[in-house]
Structures are given as structure tokens and as C-alpha cells.
Amino acid sequence: GGGFGEALGEPHIPVPGHGAGLSCCPPGMARQGSGAMLASGGLGFPPQNLARVVVWEWLNEHGRWRPYSAAVCHHIENVLKEDARGSVVLGQVDVQLAPYIIDLQSMHQFRQDTGTMRPVRRNFYDPSSAPGKGIVWEWENDNSSWTPYDMDICITIQNAYEKQHPWLDLSSLGFCYLIYFSSMSQMNRQTQRKRRLRRRMDLAYPLTMGSIPKSQSWPVGTSTGTPCSCPQCLLVNSTRAASNAILASQRRKLYPGAVRQSSTFAGAALWPAGTGTAAVAGGTAKGEGLRVPGGAFAPSQSVPSGTPLPGLNNLNRPGTQRGAGLSARATVPPGVPALPVKNLNGTGPVHPALAGMTGILMCAAGLPVCLTRAPKPILHPPPVSKSDIKPVPGVNGICRKTKKKHLKKSKTPEDVVRRYIQKVKNPPDEDCTICMERLVTSSGYEGVLSHRGIKPELVGKLGKCGHMYHLLCLLAMYNNGNKDGSLQCPTCKAIYGEKTGTQPPGKMEFHLIPHSLPGYTDSKTIRIVYDIPTGIQGPEHPNPGKKFTARGFPRHCYLPDNEKGRKVLKLLIVAWDRRLIFTIGTSNTTGESDTVVWNEIHHKTEFGSNLTGHGYPDPNYLDNVLAELLAQGVSEATLKD
């Protein structure tokens, strides 16, 4: 991708489930908002007597929280005031979101036509930030339509815009993009692809105060107690009635033992709460062993006698029906695919009912429906005794430690920049890709940054790659980075000097274990163990003097014990010594800020499977990680030095 690119989400519906994607940054690098966080299992509230802007967000398949529009958030807040455990029909306020329902009790969004579940959360931001002012920043996607940035990025862009910065580097948020306000464009720092961006005014997001959710009014209809007649609610109500009728008609077709022992099965779900999910033809789900060919329901072996089953006839509260003695194993006919219902944990009463509707209706039409157990990733190898752990052949030692960085004070920023460039007397009439001003004019940093001896119109050419920039722009870029004595060309990524990172102190261990990775059955496995403790951020980190957390350590990673795997290990050791493996930022998986995160060098943390994308088999991984190491200035030539 050349910028914020379209992610693969739900088909045909722009949002939610079809969100902005970041194609060139690894999953471990991320960022998240400036407000209070809440887990996806419940509602969050701001501190007492503190006004905050409320933004509802949903989690896309890339692990990023995508904001709903301000109008949708007002609608959700109004429903929340009426019934904090109810459900929100998004089609009432945005026709594009017609298939979606939010279950407030379990904090999940459900898409009715595909069965996909996604966590949602209620996040808080400062009233003076972009969402409080109704300001939306958007980028132009490949379809020439506009997609809003994630909320924290929107806020960061707006802050820089208000301070009249000529450009903004998003690398501090874990993204490899530059924002240029003069040309209103976004550039991918790796591919140089540019996209347009725009700033527009919209409805301000709702405000809330203290521990009781409040919101500004938004006309979504009055709550009179009479059934809503909008198409979305009619669909829900008609599906509810249809499911009861279908179940009643199917009761006679159940296996005899199940029918005799469960006279109330017609109104019950087909799996126990908390253990199962629906899946319709085409993927996997979290239920167990239920396949329904030809329109008849097969009893599940996972339903014990007396297990309470949630009802399908009411979407807002659990049913009281109970299934008994459903112990026969369903046969599995060949050729019946399974479709995943993702992120369904069974904690809310709406989940099984909603997830079951698609399967029930497909079953009534004679289409095959399959419920299967989702495979779990195999993160770790079988237990290994200490006597079976061996050093890696050809690699010195078994452990490396890093300590706090000592900043080099011998070279001033001006000395570093001058070291790598040659002055250009007659620059060409083209853009400086840092400030986006013409090279024949003064730097965009004139008046913002002043250095004796560097005039704003001076232009320099980098020695190895030949790309030209204003000297003042290169100086600004260097001061905005790690200030480690190295310089990296923003156009081609050529590195001048030895690039180092901001990885906090820690320990890296590596050794051989007598087990094989999928795809490398003839090789043993190199296990790498990274361990970084919590600590205090240094001057090179986002918030010097503030504590940082280190979640999930020690982290175990795996390489095949072959020639290329050992080469990767040696280069990873160099990257570790240069503090390039980790950095301090915002976690992509939890949204927590000021925490240790991966830094653009992918690792395989899944030992025996590849369900998360961070495991084996992956025939291209070793070549890919060598390329990522090269992009950080760590190459095979490094090993020969």
C-alpha cells in the first residue's frame, strides 16, 4: 500500500468492517487515543465531574479501533441512557449501517448478513480535541472516496494543524507516513506514494460528565414504548418470529432421542451460553460439532442435561428454555464448509440469538449449516528439559544484555547533517520532499527553526543516494529523530552512519530446542527469549521521566535451525545491540500507551501453527525479515565488519 489503504472488511458496506488500513507497519506497532480506555467487556466512564467527548469505536480485523461517526455515537448514547443492557440498531441513523446491531451488554457489534462479531468500546477524549469540535480529517482511498483517520491520528493531525506546523511525522505513533499541510497530502515514507487528505467540519461528538452517561440530544425518534417501524427493526422482529416458526416446524425432524427429551427445544438456542457460536456455510466458529445438512437440526454433544439455553424469541433478555439429554453426535457430511463468527465469546444474551438467525434461516431454505470449534494457536513447543537446550551452532554465546543509552555528545546536529551531504549551488526546480516547498525557494522551516551558518535557501545532496533537500529540513528531520549520529534518506531509506533505536534495557537469550517448526521438519528450532522489565522513559522516548510498562514479557520467538535461520539470528542480535527490536509507543492490541512494542522487525511468536499470521509455515518469512533488517541498516555486511 502507498498510504492509509482500504482494509479487507465486510463486503459492500463501507463502515464498519471496511476500515482504513495501514499496510506497511507491523501489527506490533500501533497507537491509541488520548482518552481513558475501557476493556471490550463493559462500558467506561470518565472521571467524576470531568467533561469528556465520547467516541464509540469498533475493532477491525487489523487490530485497530475505528471510530463511528458523530451521528452514530449520539444515537448509541441516547439508547444507552434508556437501556444500558439493550441493543442499538445502527441502521436507524445511518442507512449504510443497516446490517449492524450493537449489543451493549457484551459490547460487541453484530453484522446480521454475515454473522461477523466485532468488539466495540466507549472511548473518551478531551472536549477541546478534534472530535469535540466536530473536525474530521480524512484521506482519499483508491475508490476516490474519503475515509476518516483513526481518532488518535485525527487528533494528532489537528493539533499539528492548529500549531501551524508545515508537516507532521506519524512515526511516533508507529506509522510510516508524513503529513504535509501545504499540499494537504499524505506520503508513505517507504514507497513515496502520496494521497490527498482533507479537513472537514461535521457534527461534534457527544459530551458526557462524571460517572453517569449523558449526551447531547440527537433526533432519532421518541421512545413511546410502541414498536419501532423502521425497516431495520421490522427485519429484526420478523426474523425473530420466523426463527420461532422454523424451530417449531423443525422440532419433529430432530433425532428421536432429542425430541422426546426436550419438549421446549423449539424456543431454545442450539448451543450452551458461553461455549458456542453459530457458523453458516463457509468457515469456523467457536461452537462444537454441530452440522446440519438438508434442513434438520442435529443435537450437539456439548449440551449437558439442564444447561440453560438463551432464547431466540427475545433479543434483549435470556430465555428460560432448557435442553436435556442432547447427547447424540452429529454426523459430518463431506463438502459442508464452515463460516467463522469471529470474536464471539458467548457472554451476552443477544449473541447466540443473533448469530443463530442466519444459520436458522439458511437451514430452513435447505442450505447446509456447520458449527465447528475454532482451532487455537499453538504458541509454545512441548516442554523441554534443560539438558536438551543447546547453544546455536556458529553463534557466540547464549545471551545479550542492553543497558541505558549513552547519547553521543561529540557531534552537534549541524555537524552530523554536514557530514553526509554535499552543498548544491544550483538546485533543480523540484520539491523538497520534507517541507514540500521548491528547492529553489527557502525551506518551509524558515522562521520555525533557525541555525547560525545554515541559511534557509541552502540545499544539500546526500552522498550515497544523491537525493536533495534543504539543509534546514534535514536538520529538522534529524532533531525530530533519535539524534544518534545517523541520518536516513526520507526518499529511498538509505542509511548514513549506524542507525540505533530507542529500545529500553533488557535481555535477549537464544538457544536450540529439539523440536521442529511446521515447514521445517528436518531442522531443530532456534528459540529466542526477549525480556524487558518496566522502567522510566529516557530522553529519547515519547514521555521522558514517565514510567513505561512492559506487557507479555518474556516473549518467545522461533526460527528454523538452518543456514538462513542462523543468519537471521545473527542479524537480530546486531539489531538488539543497536536497540532496534523494540521501542516505546502505543500497543496495537490493547491501546495502552507508554508501553514496550515491536519496532518494524517481524518475529514469529506462534510455534506450532499460523493462525495469527505470526507462525509457521511461512515460506517467505526469512526473506521478509532479512529485508526488514536491511531497512534498519542491519545487513550481511554488518556481520563481516
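## Basis of the description

A residue is called buried when its relative accessible area is under 20%, exposed when it is over 50%, and partly exposed in between, with a 1.4 Å probe and protein chains only. The model is predicted, so local features need pLDDT of at least 70 and side-chain atom pairs count only at pLDDT 80 or more, while totals for chains, interfaces and linings use all residues. Residues are numbered from 1 along each chain as its sequence is written, and side-chain values use heavy atoms, with hydrogens and water left out.

Helices (H or I, at least four residues) and strands (E, at least two) are DSSP runs numbered from the N terminus.

Four strands form an open sheet in the order E20-E26-E27-E30, and their pairing is antiparallel. Strands E20 (399–402) and E30 (555–560) are at the edges, each pairing on one side only. On average, neighbouring strands of this sheet are turned by 20° against each other, direction ignored. Two strands are taken to pair if DSSP finds at least two bridges between them. Between E20 and strand E26 (residues 506–513) there are four bridges in the antiparallel sense. One of the residues involved is Cys399, whose bridge partner in E26 is Glu509.

Helix H9 (residues 563–577) lies across E20, E26, strand E27 (525–531) and E30, and runs at about 170° to E26. Contact here means heavy atoms within 4.5 Å. Axes are lines fitted to C-alpha atoms, for helices over the stretch in contact, and angles run from 0 to 180 degrees between N-to-C directions.

## Aromatic pairs around Tyr530

Rings of Phe, Tyr and Trp (its six-membered ring) pair if their centres lie within 6.5 Å; planes under 30 degrees apart count as stacked, over 60 as edge-to-face and the rest as tilted. The structure contains 13 aromatic pairs. The pair of Tyr530 and Trp576 is stacked, because the ring centres are 5.5 Å apart and the planes stand at 25°. This pair links distant parts of the chain, with Tyr530 in strand E27 and Trp576 in helix H9, 46 residues apart. Tyr530 is buried at 0% relative accessibility, and Trp576 is buried with a relative accessible area of 0%.

Tyr530 also forms an edge-to-face pair with Trp598, at 6.0 Å centre to centre and 80° between the planes. Trp598 belongs to strand E32 (residues 595–598), and this pair spans 68 residues of the chain. Both Tyr530 and Trp598 are buried. Through ring pairs, Tyr530, Phe553, Trp576, Phe582 and Trp598 are linked into a cluster.

## Salt bridges

Side chains of opposite charge can pair when their charged atoms come close. With a salt bridge defined as a side-chain nitrogen of Lys or Arg within 4 Å of a carboxyl oxygen of Asp or Glu, the count comes to 27. In one of them, Asp126 and Arg52 have their closest N and O atoms 3.7 Å apart. Asp126 lies in the loop between strand E8 (117–125) and helix H2 (130–133), and Arg52 in strand E3 (residues 51–59), so the pair ties together parts 74 residues apart in sequence. Asp126 is partly exposed at 32%, whereas Arg52 is buried at 13%.

Arg189 and Asp169 form another salt bridge, with the closest N and O atoms 2.6 Å apart. Arg189 is buried with a relative accessible area of 15%, and Asp169 is buried at 12%. Lys564 and Asp623 meet in a salt bridge of 2.7 Å, N to O. Lys564 is in helix H9 and Asp623 in helix H10 (residues 621–631), 59 residues apart. Lys564 is partly exposed at 32%, as is Asp623 at 39%. Salt bridges that share partners also join Glu138, Arg198, Arg200 and Asp202 into one network.

## Nonpolar cores

A nonpolar core is a set of buried Ala, Val, Leu, Ile, Met, Phe, Trp, Tyr and Cys residues joined through side-chain atoms within 4.5 Å. The largest such core has 42 residues, of which Trp56, Tyr68, Ile76, Leu90 and Tyr149 touch the most other members. At least two residues of this core come from each of several elements, including E3, helix H1 (70–82), E8 and helix H3 (151–162).

Apart from this core lies another, of 41 residues, among them Tyr558, Ala575, Tyr616 and Leu626.
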